[in-house]
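User: I have a model open and would like to talk it through with you. Could we start with the ligand and then move on to the domains?

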Amino acid sequence: MAADLASMNIDELKSLMAELGEPAFRAKQVLLWLARGVRPEGMSNIPASLREKLSSIPFGGAEIIDQRHSMRDETVKFLYELDDGNIVEGVLMSYSYGNTLCISSQVGCRMGCTFCASTLNGKVRDLTAGEMLSEVTAVERLIPPKGDRKRTVTNIVMMGCGEPLDNYDNTLRFLRRATAEDGLGISPRNISVSTCGLVPNIYRFTEDAPHITLCISLHAPNDELRRRTMPIANAYSLHELIPAAKHYADATGRRVIFEYALIEGVNSSDEDARELSHLLRGINCHVNLIPLNSVKERHLSGVSRKRAQDFAKLLEKLHISATVRRELGTDIDGACGQLRNKHISSRGENDA
Ligand code: SAH
């Protein structure tokens, strides 16, 4: 049984109703509310006595406590407060096909990538599936869908704070609820999970969630370079990671996406592009390039847009599909962890 209400599926709610001595049909009613992220006190067709019982179970909510709208594009960054006061963040990006919400899977992160703001203070805790669902439903409640769209959030990427495959069970439960008809009802093809490369869990993921898009943060064409910025490369070498990625692509028939942040003077030379093309040869994949978002706390900077485009062109010439990702929300601390860190340090200053 899930620990919080927002994580529960119909079977668990039915067992809960039985435990509470309530009729089974209440389970379906409660589930309908949960799919919209409504807490027990707002469940208007549920008797007060049951609402009270449900309120004594942890909910697994995420309330939006701050939002920043980009002046340059339609990107909105959200700060969420979890029920225990922890803070995570999300970003809503607008595209012609719909809106993609980038959500967090952990409070902080323990992977230690040197360029990433999320991991500066380590991991505080995992998010529950309910909390991840609440990140989505909170946005849905705040921003009504435009035109004849049924929902505001049409796509989800798990690229916010945290490492989803380091929180495997909750992530899988979230994906099941997010794609279920009686959950959020979002197509698995519209959901991407990004990992820094936890190899055993990539194999599990291929089995458990073959319809979800897998993104792998590569950021280097060889182990020596990768180990400089990504500690996970010490645990799993490219000799293990690349076959796992190929296995995902072969087993699912889907392209694996490699993310590659271009860092000035580190991984962005023509030679790096050539080495990368050798590494990825024969894999059904696509490379998403992004100039590194400079993080104040780290002394690494991104390449120019022009350099990123040249790197992409060279990869294409070497028969590796590659594009430069649109940079959105750069004026609102769009990169993962940036806004949360600012919020936490300002809270600290206020407290002091
Ligand atoms: N832990 C997961 C998902 C979270 S980060 C992972 O590592 O994939 C989502 C993506 O943003 C990852 O590719 C991550 O490496 C990248 N990223 C982190 N900090 C960045 C920065 N400052 N600039 C550009 N990309 C960054």
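User: Which residues are the closest to the ligand, and how many surround it?

Analyst: This is a predicted model, and in it 16 residues surround the ligand, the closest being Glu-163, Ser-194, Ser-217, His-219 and Asn-293.

User: What does His-219 do there, in terms of distance to an oxygen atom of the ligand?

Analyst: A polar side-chain atom of His-219 is 2.6 Å from an oxygen atom of the ligand. Glu-163 also places a polar side-chain atom by the ligand, in this case 3.0 Å from a nitrogen atom.

User: And Asn-293, is that backbone or side chain?

Analyst: For Asn-293 the atom is a polar backbone atom, and it lies 2.8 Å from a nitrogen atom of the ligand.

User: OK, changing topic. What domains does the assignment give?

Analyst: The domain assignment divides the protein chain into domain 1, residues 5-55, and domain 2, residues 62-351. Taken over C-alpha atoms, the centres of the two domains are 33 Å apart, and the contact involves 13 residues from domain 1 and 15 residues from domain 2.

User: How much area is buried between domain 1 and domain 2?

Analyst: About 940 Å² is buried between domain 1 and domain 2, with carbon and sulfur atoms giving 40% of that area. On the domain 1 side, Ser-7, Ala-35 and Arg-39 supply 47% of the area buried against domain 2, which is more than any other three residues.

User: What about charges, how many salt bridges are there between domain 1 and domain 2?

Analyst: There are 3 salt bridges between the two domains, whereas a search of the whole structure finds 21. Arg-39 forms a salt bridge with Glu-63, where the closest N and O atoms are 3.0 Å apart. Glu-63 belongs to strand β1 (residues 62-69) and Arg-39 to the loop between α2 and α3 (48-55), so this pair ties together parts that are 24 residues apart in sequence. The side chain of Arg-39 also meets that of Asp-83 in a salt bridge, at 2.8 Å from N to O.

User: How many residue pairs are in polar contact across that interface?

Analyst: Across the interface of domain 1 and domain 2 there are 7 residue pairs in polar contact, counting pairs with both residues at pLDDT 80 or more. On the side of domain 1 that touches domain 2, α1 (10-19) and α2 (25-34) each supply at least two residues.

User: And how do the residues on that side of domain 1 divide by type?

Analyst: They divide into 7 nonpolar, 3 polar and 3 charged residues.

How values were computed. Residues are numbered from 1 along each chain as its sequence is written. This is a predicted model: local features need pLDDT of at least 70, side-chain atom pairs count only at pLDDT 80 or more; totals for chains, interfaces and linings use all residues. Side-chain values use heavy atoms; hydrogens and water are left out. Domain bounds come from an automatic or database domain assignment. Contact means heavy atoms within 4.5 Å. Buried area is the accessible area (1.4 Å probe) that two parts lose on being put together, summed over both. A salt bridge is a side-chain nitrogen of Lys or Arg within 4 Å of a carboxyl oxygen of Asp or Glu. A polar contact is a pair of N or O atoms within 3.5 Å; within protein, one must be able to donate a hydrogen and the other to accept it, and residues adjacent in sequence count only if both atoms are side-chain atoms. Helices (H or I, at least four residues) and strands (E, at least two) are DSSP runs, numbered from the N terminus. Ala, Val, Leu, Ile, Met, Phe, Trp, Tyr, Cys and Pro count as nonpolar, Asp, Glu, Lys and Arg as charged, and the others, Gly among them, as polar. A residue is near a molecule or strand if one of its heavy atoms lies within 4 Å of it.
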